[in-house]
Amino acid sequence: VLAASRLLVAWQPIGVSMGVYDVCHRYLQERKQFGAPLAAFQIPQQKLVQMLGNIQAMILVGWRLCKLYEKGKMTPGQVSLGKAWISLRARETVSLGRELLGGNGILTDFLVAKAFCDLEPIYTFEGTYDINTLVTGREITGIASFKPAALPKQSRL
C-alpha cells in the first residue's frame, strides 16, 4: 500500500513543476527589460532549460515506476528513490522559477510562492526525503541503517 501511494504522490510535484514552468515561460515572453523580453537573455534561457530538463527527467522516472508497477516488479526501494528524487528536483525547479520572476516570484499573483508551499508537504509525506533514501539504501545494501540500536538491559548509572 505504501509503495503504491508513494508512486501516486511522486506525480504531484511533477504537475506543480510543470505549472511553474508554464508561468515562467509566459512571464519571460511578456516582461520587457532594456527594450527586450526577458526571454531574450542568456541566464533566463539557461534557467528555463534547466527547469524543462528537470521536468522531463521527473516524467521519465515517474513513467518508469508506473511500468514497473504495472508488471508487478516495482520494489519499495525503487519507488522510494523515485519519490525522493522527484520531490527534490521539483523543489529545485520551483526555486529556479522563483528566481526567474525576481520579486514577482514571491507575490501571490504568479503562484510560484504558493507552489513552494504546495511542495513542502509532498517532500515530507509518504516518507520524508531522508526516510525514502534510507529505504532505498536498505534495499541496495541489505542493511537497515534506521533500525534503532539495541539498548543495554541495565543502566550504567
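Arg-89 forms a salt bridge with Glu-92, with the closest N and O atoms 2.8 Å apart. The model is predicted. Both residues lie in helix H3, three residues apart, about one turn of the helix. Arg-89 has a relative accessible area of 17%, so it is buried, the cut-off being under 20%. Glu-92 is partly exposed, at 24%. Arg-89 also touches Asn-54 and Met-58, leaving aside residues up to four places away in sequence.

H3 itself covers residues 76–101. Its 26 residues should span 38 Å at 1.5 Å a residue, and its end C-alpha atoms are 38 Å apart, which agrees. Gly-102 follows H3, with a positive phi near 60 degrees.

H3 packs against helix H5, residues 129–141, at an angle of about 145 degrees. The two axes are 8 Å apart, and the crossing is left-handed. On the H3 side, the contact includes Pro-76, Leu-81 and Leu-88. Among the H5 residues they meet are Tyr-129, Val-135 and Glu-139. The contact residues divide into six nonpolar, six polar and two charged.

The salt bridges come to five. One of them joins Arg-91 to Glu-120, with the closest N and O atoms 2.9 Å apart. This pair links distant parts of the chain: Arg-91 is in H3, Glu-120 in helix H4 (residues 112–124), 29 residues apart. Arg-91 is partly exposed at 27%, and Glu-120 is partly exposed at 33%.

Another salt bridge pairs Glu-70 with Lys-67, at 3.5 Å between the closest N and O atoms. Both lie in helix H2, residues 42–70, three residues apart. Glu-70 is exposed at 58%, whereas Lys-67 is partly exposed at 29%.

Conventions:
Residues numbered from 1 in each chain as written. Predicted model: local features only at pLDDT ≥ 70, side-chain atom pairs only at ≥ 80, totals over all residues. Heavy atoms only, no water. Helix = DSSP H or I, 4+ residues; strand = E, 2+ residues; numbered from the N terminus. Contact = heavy atoms within 4.5 Å. Expected span 1.5 Å × (residues − 1). Axes fitted to C-alpha atoms, helices over the stretch in contact; angles between N-to-C directions. Left-handed = near helix turned anticlockwise from the far one by under 90°. Nonpolar A, V, L, I, M, F, W, Y, C, P; charged D, E, K, R; others polar. Salt bridge = Lys/Arg side-chain N within 4 Å of Asp/Glu carboxyl O. Buried < 20%, exposed > 50% of the residue type's maximum accessible area, 1.4 Å probe, protein only.
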